[in-house]
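Dear colleague,

Please find the structure below. My notes on it follow.

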Amino acid sequence: MDKERKEQYYVLFERFIDEMSAIPDFDRNHIVQTVTEICEFFHLSKAETQFYQSLAHESRGEGEIICDYDNGKSDRIAVQRRLISRTGAVVMSTVYQSNEDNLTDEEAEKVDILLRTMMTFIGRNRLQDAVEKLGFYDEAGYANIRSFMRFIDRLAGLKRLSGHTATCFNLRRFGMINQQLGKDIGDVVMHKFYNLLKNMVGEDGIIARMGGDNFVAIFPKERTDAVLDVFNGVPIVFDQSSGRRVTVSASAGVYTVPDDFPMDDPRAVMDRIFPTMHIAKQETNGTIVWYNDKMVEMRDHAMKVRSAFPKALKAGEFRVFYQPKVDVTWGKMVGAEALCRWFRDGKIVPPMEFIPVLEQNADICYLDYHILDLVCRDIRRWLDEGKKVVRVSVNFSRKNLSEMDLLSNILDIVDRYRVPHEYIEVELTETTTDVAFTDLRRVVTGLRDVGIACAVDDFGMGYSSLTLLQDIPWTVLKIDKSFLPADDEQVVSNNHMMYKHVVSMAREIGLECVTEGVETKKQVMILRKNHCHIAQGYFFDKPIPVEEFEQRMDSPMYDLSHTSQEWIFQDDKRRTPKKKRV
Ligand code: C2E
Ligand code: MG
Ligand code: MG
């Protein structure tokens with residue numbers, strides 16, 4: 001090789017090294033261009049590289065063949081190199097020549113160096129790929145949360161994060177799809193749903209799996225409507241031959257990043273969409289929920305409640321208020337509901353501010369046992385003082401249902417205070433899932449067997465089902481206040497009809513019927529007219545402190561003389577108390 005040719009060679013060699021080492025901005029097209037020039041320089045006819053993940057892959061011929069140059073005149077191998085990496089991967093590089101061309105020894109040595117250099121880089125490239133796969137994809141091949149974070153970090157770096165919509169979503173009732181179609185088909189369905197969205201968000205967006213059936217995605221905001229349409233439900237064909245399909249939908253928290261979003265903390269996007277998705281999952285506000293600042297307040301509030309709870313419980317800050325239940329025919333108090341109040345820093349915190357938070361984990365169970373304990377302690381004292389005790393109902397959150405020891409724990413408390421079981425009633429709300437239904441039946445049956453009454457609370461609020469009433473041995477049906485027609489409602493309104501039928505159905509299956517939220521005289525009339533005998537509501541009393549409630553026990557009659565007697569039926573009168581005292 002003369003001096004000039006050598007210089008040409010070194011220019012090419014340097015360019016080659018630069019291009020190969022330009023990870024992560026490695027550009028295949030540049031390399032192909034340089035390899036072509038090298039091949040032409042040495043009169044090579046073909047340059048080919050084979051890559052196998054392992055020796056076993058090589059022996060089965062399962063590898064990757066990269067051919068960067070081929071002028072169609074390859075008659076024989078000019079130089080060949082095979083490299084086995086420390087991880088067991090095999091790289092083989094071969095260059096060919098036509099019969100007319102020959103390499104000098106010096107040239108062959110240079111080509112050899114080039115091949116070895118290239119193989120080292122290819123090994124490194126593949127390693128980089130493997131690291132990418134391990135680090136940024138999960139075992140099922142979905143991009144993972146690290147991919148998502150890297151993507152938003154890059155967007156923020158380019159100052160392009162605002163104008164994107166981020167979402168965190170959960171596939172709705174996917175457990176049921178897995179159960180009904182089998183896990184393998186479930187996997188296929190999930191992949192198809194993911195791929196559909198992946199195509200929709202395109203190259204300037206990303207969708208990643210966080211685990212299970214939870215995903216996150218971010219994409220230019222112009223695509224938001226299309227993505228939300230998919231969340232609302234799309235048919236996914238899982239068997240091409242028969243065309244069998246299943247509809248998949250998602251509960252999602254959604255947030256469009258505004259212009260003033262702090263770019264120095266792009267990951268705060270997660271703090272917005274993650275809790276919003278949890279709200280969406282509860283389905284109280286629909287299955288697609290847009291983030292708003294109030295949610296941050298709610299989250300902070302929840303954190304405060306959770307951290308204060310254990311100490312507050314020990315310190316006796318949770319106390320019981322009693323709300324009387326009244327027979328609407330005669331105005332006599334016939335029972336009461338125990339309702340929890342939190343005395344905190346000189347104020348009374350209402351249950352709606354802490355019960356939903358405590359229901360997010362098992363804390364509510366400790367509170368429910370605590371309230372039952374306080375109620376039993378009160379009843380014991382009242383009995384010892386010779387008071388005329390009425391049955392008191394205690395709320396138990398659904399969270400308790402899966403606890404196997406629930407029954408024995410309740411009994412332990414009731415019996416510790418030697419409270420006759422007829423004075424205790426347990427209020428449970430309706431449930432929707434089959435598992436919870438089985439638990440519910442087990443608990444209610446168990447309580448009935450030991451003589452403790454059970455009430456289905458807030459009937460009409462959730463997914464009220466007749467099966468729930470028929471298949472579970474309830475004693476009491478508590479009709480939610482939303483079912484009770486308001487004063488200005490037409491007698492022919494839907495609410496009136498529903499209310500009428502619910503009460504008559506409850507009576508038919510032998511349930512005691514209590515209507516909650518009775519606030520007006522007119523509503524008392526509606527109860528009477530429909531033969532619902534027991535009312536609970538502000539018309540009679542709000543939930544009151546124990547001292548006040550004790551006064552009601554001493555004088556349990558409410559004055560109903562100002563209400564019309566028109567709707568008091570003879571048969572209702574017959575079952576009411578003998579003596580009227582005001
Ligand atoms: P709930 O069990 O349905 O209790 C009835 C709620 O309706 C009470 O609200 C009561 O004050 C309210 N109420 C009664 N009469 C009227 C009325 O005429 N008009 C209106 N607008 N409201 C009326 P409160 O005490 O705020 O309790 C709310 C919910 O918190 C309860 O609903 C119950 O689900 C839950 N809760 C209360 N204490 C406990 C507890 O110790 N354990 C559990 N797990 N939940 C509890
Ligand atoms: Mg209740
Ligand atoms: Mg209720």
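How many residues of the shell around ligand 1 are nonpolar, how many polar and how many charged? The shell divides into 10 nonpolar, 5 polar and 9 charged residues, where Ala, Val, Leu, Ile, Met, Phe, Trp, Tyr, Cys and Pro count as nonpolar, Asp, Glu, Lys and Arg as charged, and the others, Gly among them, as polar.

This is a predicted model, in which local features need pLDDT of at least 70 and side-chain atom pairs count only at pLDDT 80 or more, whereas totals for chains, interfaces and linings use all residues. Residues are numbered from 1 along each chain as its sequence is written, chains are lettered from A and ligands numbered from 1 in the order in which they are written, and side-chain values use heavy atoms, with hydrogens and water left out.

Ligand 1 is surrounded by 24 residues, each with a heavy atom within 4 Å of the ligand; the closest are Asp368, Asp457, Asp458, Glu519 and Tyr538. Strand 13 gives the largest share of this shell, 4 residues (strands are DSSP runs of E, at least two residues, and helices are runs of H or I, at least four, numbered from the N terminus).

Polar side-chain atoms also lie by the ligand: one of glutamine 323 is 3.0 Å from a nitrogen atom of ligand 1, one of asparagine 395 is 3.0 Å from an oxygen atom, and one of lysine 481 is 3.2 Å from an oxygen atom.

Elsewhere, threonine 94 belongs to strand 4 (residues 90-97). Threonine 94 is buried, with a relative accessible area of 1% (buried means under 20%, with a 1.4 Å probe and protein chains only).

Terms used:
Buried means under 20% relative accessible area, exposed over 50%, partly exposed in between (1.4 Å probe, protein chains only). A polar contact is a pair of N or O atoms within 3.5 Å; within protein, one must be able to donate a hydrogen and the other to accept it, and residues adjacent in sequence count only if both atoms are side-chain atoms.
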